[in-house]
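Welcome, and please have a look at the entry shown here. A short tour follows, with a few side-chain details picked out along the way.

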Amino acid sequence: MHIGAVDESATLGRSWIHTASPITKLVAFALVLAAAVVSWNLLVLAGLLILLVSVATTARLKPGLAYSLAAYPALFAGVFAFASAPNVLTGLIIVMKAAVAGLAAVTLILTTPYPQVFAPVQRIVPGIVGDALLMTYRSTFLLLDKFSNLLTAIRLRSGLRGGHPLRSARATSQALGGLLLYSFDLSQRDYDIMRLRGYQDRLKTSLPRGATPARDAFLLAAALLALATSIVWRLGAAVLNPYSWLVLLLPLAALIAAALTSRRAL
Amino acid sequence: MSHIHIPDGVLPLWLWGLGWLVTLVLVGAAGKLAERHDMRRKVPLLGVTAALMLVAMSSEIIPIAYHVNLTVVAGILLGPVLSIVAAFIVELILALLGHGGVTVIGLNTLIVAAEMIIGWTLFRTFVALLSRKRAGVAAGMSTVITLAITTTALVGIVWLGGSAATARETGALDPADLSFTNPFTEGVFSVGLFSGGEADAPSAPADSTQSAASESNSLSVKRFAAVVYTLGPLGWLFEALITAAIVRYVTRVRPTLIFSGALAEKERRIPGDEAGGL
C-alpha cells in the first residue's frame, strides 16, 4: 500500500481536479460508482473506464501509482470471477466493474487530502468514529515507517533469508509483535498530546470551496452524463445493445484531448 | 477471509443495502457506548489498532490472493464494542484506496467485526481451558476456527446474492462469436436497475429453456465455495501461525495487553526497544 505517495499526490497536486470542491468530487464519485453498479454492459463499463483514465491523465496522476492501486481490486475481482462467473464475458464484466470502481476511488483519494474526504463522514457518525478515522490515517504512516525500519533491521541482522523460511517467518512475526507494542506506546503518546492540547471529544475539519465553480459544474455534469448513459443502456438494453459502441466515442475523444493537453503541458 | 473481494454492483441492492443499514446501526450503537467513558484514551487506541490492521493488510500473498489481517489480534486487544468501530474504519479506508468495493463496506464491516468478536470470545475461552501459558496455541486455534466461520459467512453472502446476480444483459458483445448483437432477444427483460434479476422476472414466461439459460448464467456458488474452501485453509493456517507468534511474543513482553485488553494498562510505559533486540 502506497499511503505516503497517495497523501503526497493529494496534498501537493495542483491540477483542475485537485482544486475542485471536495463535496463536488465526492458527489461525482458517487455518481460514477452508481453508473458502474447499474451497468452490465461491457462497452458502457469500458467507456466509464476510459473516461476515468482521461480524468487521471488531466489530473497528472502518476500512472504507476494510480493504475497499480486500481488494478488491486481488479485482481481480486478476477479471482472471484474465476471462481463464480458463468462465462468469460460475465467474468470480464465483473473485473471491469471492479476496475471502474477502483479507479474512481483512487482518483478521488489521489486528488483530495484525506481530512477533506473524511469530513462529511465525520459529520454523520458518532464523534469517536470520526476522530478515530483521522487518527487511523495518521497512525498508518507512522506504523508503515516503523515496520519498514524493523524489517530493514532484521534483514541487516540476517533474520530474513530466502533459504530459511521458518526463520524469516519467525522474525517477521516478532517484527509485527514489536510493531504492536510500539503502536500502543504511540497511542499513549497521542493521548498525552491530545490531553495537553485540550481535546474536547471532537477533531474539527473544514471543507474548502472549489477554486473554479465552472469546473465543479463540468465535473458534476460529466458524472451525471455517465450515470444517465448507464441507466439508459440498462433500461433500453433490448433496443440499444447493438449500438453500445457509440458509448465509447465520447470517452475516446476525451482521452485523446487529455493526452494532447498533458503533452502540451509538458 | 476478512474482505468480500466482490466488486461493486455484483451483489443485489437489498443485500448490500441491508449490510450498510445493519453496520450503521451497530457502529452508531458501539460509538455511543464507547463515548460514555474515557473517550480521550480510546480515540488514539482505536486509531493505532486500525492502522496496525491496515499495515498488516498491505502485505499480500499473490498466489493464493490472501493477505494477513490481524483481525483476531485486534479483537483480543480492543474487545467487542471497539472492534465494531475499528472494523468500520478499516473497511472505509480500504475502500477509498480501491481495496474492496464501496457498496460492500457494510457487509465487509460485518464480516471483519464478526471475525474480531468471535476471535476475542474464542481466545478467552481457550485461555480459560488451556491456561495462560498456552496463549499462542489458544490464539492460533481461535484464528483457524474464526476464519472458517467467517469464510462460511462469505459463501453464504454469495449464495444469498447469487440468484439475484444472474442472467443480466451483458452488452452488445456476444461471447460465443464475439459479434455485436443483442444476446437476449427473446423478451426476457424486465427493468430492475439494481436487482439485476432480468431472467428471474415473474412476468417472463417460465419455460424450461429460459430457466436453463438462467441457471447457466447464475453465479456458481458451488464453484466459488470449492475455490474458497481449497485456497482458504492455506490462508487460515498462515494467519493462525502469525497470530500465534505475535500473541506469544506480546504475552512474554507485556501480558496485560493480551489477557486484560489494551485499555487495562494504566501505568506509563517508556518507549524503548520494543522489538526485543531484533
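Are Y72(A) and F76(A) buried or exposed? Both Y72(A) and F76(A) are buried. Please keep in mind throughout that this is a predicted model.

## Aromatic pairs

Y72(A) and F76(A) belong to helix α4 of chain A, where they sit 4 residues apart, or about one turn of the helix.

Over all chains, the count of aromatic pairs is 7. For Y72(A) and F76(A), the ring centres are 5.2 Å apart and the planes stand at 70°, so this pair is edge-to-face; the edge-to-face label applies to angles over 60 degrees. Elsewhere in chain A, a cluster linked by ring pairs takes in Y114(A), F118(A), Y137(A) and F141(A).

## One face of a helix

Helix α1 of chain A spans residues 3-12, and its buried residues are I3(A), V6(A), S9(A) and A10(A). Viewed down the axis of α1(A), these buried residues fall within an arc of 125°, so they line one face of the helix. Among the elements that cover them are α4 (63-84), α5 (88-111) and α7 (127-156) of chain A.

## Salt bridges

How many salt bridges does the structure hold over all chains? There are 2. In one of them, the side chains of R138(A) and D190(A) meet at 3.4 Å, N to O. R138(A) lies in helix α7 of chain A and D190(A) in helix α8 (residues 165-196) of chain A, so the bridge ties together parts 52 residues apart in sequence. R138(A) is partly exposed, with a relative accessible area of 35%, whereas D190(A) counts as buried at 4%.

D185(A) and R254(B) also form a salt bridge through their side chains, at 3.4 Å from N to O. This pair crosses between chains: D185(A) is in helix α8 of chain A, and R254(B) is in the loop between α7 (221-253) and α8 (255-260) of chain B. D185(A) counts as buried at 2% relative accessibility, and R254(B) is buried with a relative accessible area of 7%.

## Chain B as a whole

Chain B has 8 helices and 2 strands, in the order α-α-β-β-α-α-α-α-α-α from the N terminus. Of its 278 residues, 58% count as buried.

Among contacts in chain B between residues at least 6 apart in sequence, 75% join residues at least 24 apart. The accessible surface of chain B is about 11000 Å², with 67% belonging to carbon and sulfur atoms.

Key:
Residues numbered from 1 in each chain as written. Chains lettered and ligands numbered in written order. Predicted model: local features only at pLDDT ≥ 70, side-chain atom pairs only at ≥ 80, totals over all residues. Heavy atoms only, no water. Buried < 20%, exposed > 50% of the residue type's maximum accessible area, 1.4 Å probe, protein only. Arc of directions from axis to C-beta. Contact = heavy atoms within 4.5 Å. Areas by Shrake-Rupley, 256 points an atom, 1.4 Å probe, with all protein chains shown as cover. Phe/Tyr/Trp six-rings, centres within 6.5 Å; stacked < 30°, edge-to-face > 60°. Salt bridge = Lys/Arg side-chain N within 4 Å of Asp/Glu carboxyl O.
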